[in-house]
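Q: I am new to this structure and would like a close look at a single part of it. Please keep the account plain.

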Amino acid sequence: LNKLRVSKKAMPEPQEGELKIRVKACGLNFIDLMVRQGNIDNPPKTPLVPGFECSGIVEALGDSVKGFEIGDRVMAFVNYNAWAEVVCTPVEFVYKIPDDMNFSEAAAFPMNFVTAYMMLFEVANLREGMSVLVHSAGGGVGQAVAQLCSTIPNVTVFGTASSFKHEAIKDSVTHLFDRNADYVQEVKRISTDGVDIVLDCLCGENTGKGLSLLKPLGTYILYGSSNMVTGETKSFFSFAKSWWQVEKVNPIKLYEENKVIAGFSLLNLLFKQNRGGLVKGVMDKLLNLYNNKKIKPVVDSLWALEEVKEAMQRIHDRGNIGKLILDVEKAPTPLMANDSTETSEAGEEEEDHEGDNENKERMPFIQ
C-alpha cells in the first residue's frame, strides 16, 4: 500500500474513436486490490495507473466519434488509468448519465450493476420464484444483486456478510447470515433442496459449498476470488491455499446432478473479448431501471485521490457497505493526513473480528 503515489503525467489526448473525459469520480473495486498485489493473470508492469470505471464531463472528441458532445455528463469503463483527473477511452465504453444521477453514483454504477445483471439474467436466467445465494451481500455487487432480484417477483435472496453490516442491509435480502457462520446448513434449514443460483466472489472452499447447495438445473457462477487477498501484500500461501481448497469439478458429476458451473469476468468481456456492444445493451436496460427508480447505486464513502491507501484498506477489511468512490475534487481529510502511512497487515485471523476494525471509524465522509 505504501508504494501508491499521486503523480503528474502528460495530459492524454483522444485517439480516433475515443473520448477525453474530465474525471469527477472513480470507482474502487476489489479487483483493484488484486491488481495491486499481482493476484491476477498477467498483471501489468508497474508503474501503472489503476482503476476501471469513472464518471465526468466530455472535454474533447477524437475523430469519427458520434453521439456525444463536449460538456456531456458521462460514465465510462476504462482499461486501467481511470484513477486520474483526465482519461481517454473508446466511445463504445462510454454512457450518458441520467439527469438526476450525481457523479458519485455514476462512478458506482457501471461495474457493479452490469456484473450483477449479466450474471443473473444473461448467464443464470433468473426468473420468478427462483432463489439466489450471494456472498459479500453488503458490497457493491452484492447490493446491486439484491436490488435487481427485487425487480423480479418472489425471488428469495440468501446473503452472507460480516455481522456488523446486518442492520444496514437486512432489508435488501430475504435471509442474511454471518460470513463466518456455516451458511450451508443455514440455507438448507430454510430451503431443503438448496438454491437456484450461487454467485461466488470468494472462491476457495466456497466453490464446493456453493455447488453442493445447487438445485437440479441450478447455476453456480464464480466472478472473483477475494479469499486470495488476506494480507497487505500478495501471499503465496493464501493464494495456494485458496486454490487447493477449490473442489475439483467432475463433468460426469455435473451431468448426473444436472448442475451448471460458470465463470464471469466483465473486464475480460469488455477488453479482451470485444463484447462492448452486448454490454451497451445491458447498460440501456439498467439505465431504464434506474430512471424508473427500481435500482440505485449505494455509495459507501467518498475519498480524495491522496486517500487511496485508506480507501483500499477499507475494502480490504471488508468495512464498506456499497461502493467506495475516489472524488477527484475532494480535498484530503486532515485527520487522515497524519495517519496515511499506517496500514494494518490484516490477515485471516483479523478478518474474523473485522467488526471491531478501527478503519470503519475513520471515514472522511458518508453519503
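Is E186 buried, partly exposed or exposed, and what is its relative accessible area?

A: The model is predicted. In it, E186 has a relative accessible area of 28%, so E186 counts as partly exposed. E186 forms a salt bridge with R189, and the closest N and O atoms of the pair are 2.9 Å apart. Side chains of opposite charge can pair when their charged atoms come close. Both E186 and R189 belong to helix α6, where three residues, about one turn of the helix, separate them. An α-helix has 3.6 residues a turn, so residues three or four places apart point the same way. R189 is exposed, with a relative accessible area of 58%.

Helix α6 covers residues 183-190 and helix α7 covers residues 206-213; their axes come within 10 Å and cross at roughly 10°. Angles under 35 degrees count as roughly parallel, and α6 and α7 are therefore roughly parallel to each other. On the α6 side, the residues that meet α7 are Y183, V184, V187 and K188. Their counterparts in α7 are N206, K209, S212 and L213. By class, this contact has four nonpolar, two polar and two charged residues.

K280 is partly exposed at 39% relative accessible area, and D284 is partly exposed at 42%.

Key: Residues are numbered from 1 along each chain as its sequence is written. This is a predicted model: local features need pLDDT of at least 70, side-chain atom pairs count only at pLDDT 80 or more; totals for chains, interfaces and linings use all residues. Side-chain values use heavy atoms; hydrogens and water are left out. Axes are lines fitted to C-alpha atoms, for helices over the stretch in contact, and angles run from 0 to 180 degrees between N-to-C directions. Helices (H or I, at least four residues) and strands (E, at least two) are DSSP runs, numbered from the N terminus. Angles under 35 degrees count as roughly parallel, over 145 as roughly antiparallel, 65 to 115 as roughly perpendicular and the rest as oblique. Contact means heavy atoms within 4.5 Å. Ala, Val, Leu, Ile, Met, Phe, Trp, Tyr, Cys and Pro count as nonpolar, Asp, Glu, Lys and Arg as charged, and the others, Gly among them, as polar. A salt bridge is a side-chain nitrogen of Lys or Arg within 4 Å of a carboxyl oxygen of Asp or Glu. Buried means under 20% relative accessible area, exposed over 50%, partly exposed in between (1.4 Å probe, protein chains only).
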